[in-house]
Amino acid sequence: TAPPSNAAALDAANRCIAAQGGSDERYGRRGYIHRLMGNYDLAEADATRRIEISRSGSAYRSRALIRQDAGRHEQAIADFRESLRRGYNRPVWVHREISRSLRLLEKYAEALTAVEASLAIDPTHDLALYERGRIYFDQERWDEAAGAFTRYIAVNGSNAEAYVYRSTSFVRLERWNEALADAERAIQINPRSANGFNNRGVSLHNLGRYSESVAALRRSIQLD
């Protein structure tokens, strides 16, 4: 049997609250469905109701994630930090999530401090390793970005985007053979990676393989 659609799940959640009243769990469930549907104001309202009921670290983190998805990063950071103060039991996640919002606010030094706090708890936390790579990449610190994505790939080698980011870093460093190898791996994982084909084309051009470069760049344009 196929899982219910978001609309059907939302209808069921509404009926449950109408019949049984609101609770931390019920508002949490409905707020999560609203978040999946992109109804961020409604999702935030339900998360706020959860906070009024439980004052828990989990409720604050839920509202923070909604605010982060909605691009309300300053508010999200405040809620993430409150979730830590209230003893939320996955601080490795929360420090990494704070880092993401700080990066999107272009507060890179603070973002790096937050992601390092996550990695101090769990040095193999793959999403934190990935976030560290993004921080360096967004600052165009290409050597450090390549190194960070290398550490991420050692933990999770199945993410095509990580190979694209490292390939792009190698392109900027003019390390064409390494850039090409990562572009090929990205395409192997995701045959519709437009950026993978673009990096393949750029690398091949700079290696003097012009006809192959043209084919790769044309494929990139088709997929973009």
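**View 1. Helix 8 sits largely enclosed by the rest of this predicted model.** Count along helix 8 and you find 10 of its 13 residues buried, so the rest of the structure largely encloses it. The buried set runs Ala128, Leu129, Tyr130, Glu131, Arg132, Gly133, Arg134, Ile135, Tyr136 and Phe137. Among what covers these buried residues are helix 6 (91–104) and helix 7 (108–121), along with helix 9 (142–155) and helix 10 (160–172).

**View 2. Helix 8 from end to end, and what follows.** Helix 8 takes in residues 126–138. After the helix comes Glu140, with a positive phi near 60°.

**View 3. Helix 2 packs against helix 3.** Here we have helix 2 (residues 24–36) and helix 3 (residues 40–54), with axes 8 Å apart and an angle of about 160° between them. That angle is over 145°, so the pair counts as roughly antiparallel. As for handedness, helix 2 makes a left-handed crossing with helix 3.

**View 4. Who touches whom between helix 2 and helix 3?** From helix 2, the contact is made by Asp24, Tyr27, Gly28, Arg30, Gly31, His34 and Arg35. Helix 3 answers with Tyr40, Leu42, Ala43, Asp46, Arg49, Arg50, Ile53 and Ser54. Sort these contact residues by type and you get 5 nonpolar, 4 polar and 6 charged.

Definitions and conventions
Residues are numbered from 1 along each chain as its sequence is written. This is a predicted model: local features need pLDDT of at least 70, side-chain atom pairs count only at pLDDT 80 or more; totals for chains, interfaces and linings use all residues. Side-chain values use heavy atoms; hydrogens and water are left out. Axes are lines fitted to C-alpha atoms, for helices over the stretch in contact, and angles run from 0 to 180 degrees between N-to-C directions. Helices (H or I, at least four residues) and strands (E, at least two) are DSSP runs, numbered from the N terminus. Angles under 35 degrees count as roughly parallel, over 145 as roughly antiparallel, 65 to 115 as roughly perpendicular and the rest as oblique. A crossing is left-handed if the near helix is turned anticlockwise from the far one by less than a right angle, and right-handed if clockwise. Contact means heavy atoms within 4.5 Å. Ala, Val, Leu, Ile, Met, Phe, Trp, Tyr, Cys and Pro count as nonpolar, Asp, Glu, Lys and Arg as charged, and the others, Gly among them, as polar. The expected span of a helix is 1.5 Å times one less than its number of residues. Buried means under 20% relative accessible area, exposed over 50%, partly exposed in between (1.4 Å probe, protein chains only).
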